[in-house]
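Please look through the sequence and the model below before reading on.

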Amino acid sequence: MNLASYASNPVKSQGRIYKELQSQSRNDFQRDRDRIIHSASFRRLQYKTQVFVNHEGDMFRSRLTHSLEVSQIARAVARTLNCHEDLCEAVALAHDLGHTPFGHAGQDALNFCMQMHGGFEHNLQSLRIVDQLEKRYASFDGLNLTFEVREGILKHCSLKNAKKLGDIGLRFLNKKQPSLEAQIVNLADEIAYLHHDLDDGFRSGILNLAELKELMLFEHYASQVESDFEELSDDKLLNETIRRMMHSIIDDLCKETMMYLQEFKPKSVDEVRESPRIVRFSETMAKHLKEIKLFSTNHLYCHPRIIKMSFEAEETIKRLFNFYCEHFDLIPSTFLKNTDCEERAVADYIAGMTDRYARQCSATNAI
Ligand code: MG
């Protein structure tokens, strides 16, 4: 790995909460990635909703496949910019661990239920999982990850919550940036979901090619593909168009970021943290991405079929929350040991459920 001076370096890591001996065969970021892969929360991502609930079909993205796609994009960008690929991979694989079942609808419902008890936010929950909720190691709770991976996981945070988080929350209070690797994963997440949601939307029958061609970038590459290949099936046209779109966006991100690296010339991670945000899209590309976001909101996320799924999901989460708040004894005791607040234990328990386990609990408890 050819590391630039501005890249994060495991040898100079700000360390773990609990001190550990160094591994002879893996650097600290590789160890963190491996801990994440072996965690129960990571395995459960397989059965958690991205946009389409898990029981809608096997061909749609789950949180697991989304996280793998984010990791692939982030690693490719990191390699081009001589940043640390292993750190990007670890952050990408962990960034969605805290998601509830049923995607954003599930989070909104759980946040609503937790209003009187500090709320619920999936990003904070991801950190809570790796810091506390995973129970695998004899010497400590959580995964005891390095500061750099934890910093990358905490993408956003309210000032109120940041004050409670110690060193990891400081950058929000001091208005500083995280490492370049964290910045890369943040935008890789955006690139991944914006494109795979178009793909899943098409496969579900909700979006069609004529609608997709309303998007300037999609139209540009679709007509390029149509002139390069005659008589292409709709599936191949869509795949090839999305492939070219992603290629151009990743290329844009790398070139634009290179420009800012040359402008700010950070010589260390500390200087990256002091600089304005360095990893960026060009203004033109940012406008295209904004257009895709708006398009997906109007045509996909607000489609009656998705709204119906979201409504059912919210009802299930609220029913589960109310049920377990009246039956704390039915929650595995480990959850109650993590917190003084019984409602937080209920939220931790429900947030950790897969879509199908939540449905099953809802059905078997006849709630
Ligand atoms: Mg994500």
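## Basis of the model

This is a predicted model, in which local features need pLDDT of at least 70 and side-chain atom pairs count only at pLDDT 80 or more, while totals for chains, interfaces and linings use all residues. Residues are numbered from 1 along each chain as its sequence is written, and side-chain values use heavy atoms, with hydrogens and water left out.

## The magnesium site

At distances of 2.2 to 2.6 Å, the magnesium ion is coordinated by His66 (NE2), His95 (NE2), Asp96 (OD) and Asp189 (OD). Donors here are N, O and S atoms within 2.8 Å of the metal (3.2 Å for Na, K and Ca), and because water is not among the atoms, sites may look incomplete. Along the sequence, the spacing of the donor residues reads H-x28-H-D-x92-D.

His66 belongs to helix α3 (residues 63-80) and Asp189 to helix α10 (residues 180-203), so this pair ties together parts that are 123 residues apart in sequence. Helices (H or I, at least four residues) are DSSP runs, numbered from the N terminus. His66 counts as buried at 1% relative accessibility, and Asp189 is buried too, at 7%; buried means under 20% relative accessible area, exposed over 50% and partly exposed in between (1.4 Å probe, protein chains only).

## Two asparagines with positive phi

Most residues other than glycine have a negative phi. Asn82, although not a glycine, has a positive phi of about 60°; Asn82 sits in the loop between α3 and α4 (85-94) and is partly exposed, with a relative accessible area of 27%.

Asn144 likewise is not a glycine and has a positive phi, of about 50°. Asn144 is placed in the loop between α6 (122-133) and α7 (147-153), where Asn144 is buried, with a relative accessible area of 4%.
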